[in-house]
Amino acid sequence: MNALPLLRIGDVLLVSIQTELHDELALRFQRELAEKVADEHIRGVIIDISALEIVDSFLGRVLHDIAATTSVLAARTVVVGMRPAVAITLVELGLSLHGLRTALNVEAGLRQLGIRRLDVSGEAR
Amino acid sequence: MSRVLAADTMPIRSEGDIVGVRQLVRQHGAAAELSLVEQTKLVTAASELARNTLLHGGGGKVEVESVEEDRRRTIRLSFIDSGPGIEDVELALTDGYTTAGGLGLGLGGTRRLAGEFEIDSVPGEGTTVTVRFHTRVRG
């Protein structure tokens, strides 16, 4: 069973975290994502966290570790849609998330991965 | 003059309870009309401390209380466990100090998020961490 739905568009995986994750689910998500990146030769991952009202140090570390793991697997991860209040809180908490790529929204995240537009058939260009 | 507006207690026994604590605390924050940033800090602090209670205290409970006092509201969270306690509280508050393999930001980071922070720990008996978040004085 998937921890979260992973939508594949070309060689990019798009994941939108819509529910609050408990810790075990977050770790399972991390494992499944790494396996999928390796098995399916994914080169970019976009994680949309715009629905999340908080990111605590545990989830922050999971996001950081996902980015580090996919990087070792030759894929780039971009975390998109972080709410300003979440960003302020993370910094105050002391979580700097060095090396984590971020973008304001999915579109900007795709641009960071070098993808200009997606057509309706779901093919990345 | 202070008036208790709402008071709740919730057990912390599993990871699912950490999510439950966040939801309970979020309701208190919304009812007190905390600003969005303050509310985010409140819920994040609750999540960090609930995890500490579970991982370090072996489980316990949280008390959440909303109080009106001097034209402002205060939300008090007390995380109570009867676990092993903390030998060196100052050390435990240092960023990067961890005994659970985490980032070691839970206590020190939470102290920065909260308006007020108190820790009361007796080795062998348990730990109580209390944080308070205040709204601005109204009118």
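Trainee: What is the mean pLDDT of chain B?

Mentor: The general idea is that where pLDDT is low, the predicted coordinates should not be read in detail. This is a predicted model. In chain B the mean pLDDT is 91, and 95% of the residues reach 70 or more. For the complex, the predictor gives an ipTM of 0.89 and a pTM of 0.91.

Trainee: In what order do the strands of the open sheet in chain A stand?

Mentor: Strands of a sheet pair through backbone hydrogen bonds, either parallel or antiparallel. The open sheet of chain A has five strands in the order β1-β2-β3-β4-β5, and their pairing is mixed. At its edges stand β1 (6-9) and β5 (101-103) of chain A; each has a single partner strand, so one side of each is left without a neighbour in the sheet. On average, neighbouring strands of this sheet are turned by 25° against each other, direction ignored.

Trainee: How many bridges join β4 of chain A to β5(A)?

Mentor: There are three bridges between strand β4 (residues 76-80) of chain A and β5(A), and these strands run parallel. V79(A), for example, stands opposite T102(A) in β5(A). Helix α2 (residues 57-72) of chain A packs on the sheet, where it touches β3 (44-48), β4 and β5 of chain A. The direction of this helix makes about 155° with that of β4(A).

Trainee: Which pairing, parallel or antiparallel, does the open sheet of chain B have?

Mentor: The pairing in the five-stranded open sheet of chain B is antiparallel, with the order β1-β2-β3-β5-β4. Here β1 (2-12) and β4 (116-122) of chain B are the edge strands; each has a single partner strand, and therefore one side of each lacks a neighbour in the sheet. From one strand to the next, the twist averages 15°.

Mentor: Within this sheet, β3 (residues 72-81) and β5 (residues 126-134) of chain B pair over eight bridges. As for the helices, α2(B) touches β1, β2, β3 and β5 of chain B, and its direction makes about 15° with that of β3(B).

Trainee: How many residues does the contact take from chain B and from chain A?

Mentor: Chain B provides 23 residues and chain A provides 18 residues. On the side of chain B that touches chain A, α2(B) gives the most, with nine residues. By class, that side has eight nonpolar, eight polar and seven charged residues.

Definitions and conventions
Residues numbered from 1 in each chain as written. Chains lettered and ligands numbered in written order. Predicted model: local features only at pLDDT ≥ 70, side-chain atom pairs only at ≥ 80, totals over all residues. Contact = placed C-beta atoms within 7 Å. Helix = DSSP H or I, 4+ residues; strand = E, 2+ residues; numbered from the N terminus. Nonpolar A, V, L, I, M, F, W, Y, C, P; charged D, E, K, R; others polar. Pairing = 2+ DSSP bridges. Axes fitted to C-alpha atoms, helices over the stretch in contact; angles between N-to-C directions. pLDDT = per-residue confidence, 0-100.
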